[in-house]
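Here are a few friendly notes to read alongside the structure. Take them one at a time, and look for each feature as you go.

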Amino acid sequence: SRGGRAARLGTRLLLPGVLLCLTEAAFATVAQSHAVGYTLAARLWFARHWSPPSNSLGYRDGEQREDGRRDLFVLGDSFVSGVGIADVAERFGDRLAAELGDGWRVHNLGYNGADTRYERELLEQYPFHADVIVLSYYTNDIALAGDALGLEPPYYRPYRDIGRLAWLVSRSYALDFLYWLRPRTDLAVEERFLERCHAEPAIVARHELDLGALVESARQRAGTVLAVVFPDFGDLEGSAARLGPALGVFARAGLAA
């Protein structure tokens, strides 16, 4: 305030400081559902679009009550629960409900990160019975089969490649957003784990047994069971081999997939 060297330095720093604050404030409004849920943008997305479990059973769904309509379950992981979809009406299960009309109730049994074995547990614990069950399958559903047979699951260490800057980057919306613009090692670790799972005959065989048990459990609860199979959208050609065992199980069971 009295002029002089310190004041001139403060003046020079003021504009960059204001710009940095405005940049940080702007990025603090950018929400994205990254594949890794611990980015600041992903946390913001969940805070903004993902309410706490919407019903008393812990699903992103309304409360379900017996009302005389036919019941259809959609069972799966984040593809079903709708990570990345802010408007739940745009999930494929909800669009199916709109197409079916008032004579049906569609139950969303989507649980983020669920695999085949856990989906069977969810289905067997669910207190309703269905006329139709739709099983949603993705290539990472083999994960717990690999873990059960001793294949060490991936260990995620975000920001380890930037050393001491990790503290700053992980707390800045702007820097964190820029950091995750490039593919990072965490997803590569998971990809290698899944490659090993699908390459091990014993793990594939265990996964086929798990899938068969899920299909059988679904058939005990519904007259009709269908499967929806999602490829890896980042590697469509490579998905063919990974989806083969599941498609084989569904075909042998007579399921439309």
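This is a predicted model: local features need pLDDT of at least 70, side-chain atom pairs count only at pLDDT 80 or more; totals for chains, interfaces and linings use all residues.

1. Helix α1 covers residues 4-27, which is 24 residues, and at 1.5 Å a residue it should span 34 Å. Its end C-alpha atoms are 36 Å apart, which agrees with that expectation. While you trace the helix, here is a handy rule: an α-helix has 3.6 residues a turn, so residues three or four places apart point the same way.

2. Next, find the sheet. In what order do its four strands lie? The order is β2-β1-β3-β4, and the strands form an open sheet with parallel pairing. At the edges are β2 (104-110) and β4 (224-229), each of which pairs on one side only. From one strand to the next, the twist averages 20°. As background, strands of a sheet pair through backbone hydrogen bonds, either parallel or antiparallel.

3. Strand β3 (residues 132-137) runs parallel to β4, and six bridges join the two. To find your place, look for leucine 135, which stands opposite alanine 227 in β4. Packed on the sheet is helix α5 (residues 116-125), which touches β1 (70-76), β2 and β3. The direction of α5 makes about 150° with that of β1.

4. Phenylalanine 46 has 23% relative accessibility, so it counts as partly exposed.

5. Compare that with phenylalanine 73 and tyrosine 126. Their ring centres are 5.0 Å apart and their planes lie at 85°, so this pair is edge-to-face. Why does the pair tie together separate parts of the sequence? Phenylalanine 73 lies in strand β1 and tyrosine 126 in the loop between α5 and β3, so the parts it joins are 53 residues apart in sequence. Both phenylalanine 73 and tyrosine 126 are buried.

6. Finish with a group of rings. Phe79, Phe92, Tyr138, Phe230 and Phe233 are linked into a cluster by ring pairs.

Key: Residues are numbered from 1 along each chain as its sequence is written. Side-chain values use heavy atoms; hydrogens and water are left out. The expected span of a helix is 1.5 Å times one less than its number of residues. Two strands pair if DSSP finds at least two bridges between them. Axes are lines fitted to C-alpha atoms, for helices over the stretch in contact, and angles run from 0 to 180 degrees between N-to-C directions. Contact means heavy atoms within 4.5 Å. Buried means under 20% relative accessible area, exposed over 50%, partly exposed in between (1.4 Å probe, protein chains only). Rings of Phe, Tyr and Trp (its six-membered ring) pair if their centres lie within 6.5 Å; planes under 30 degrees apart count as stacked, over 60 as edge-to-face and the rest as tilted.
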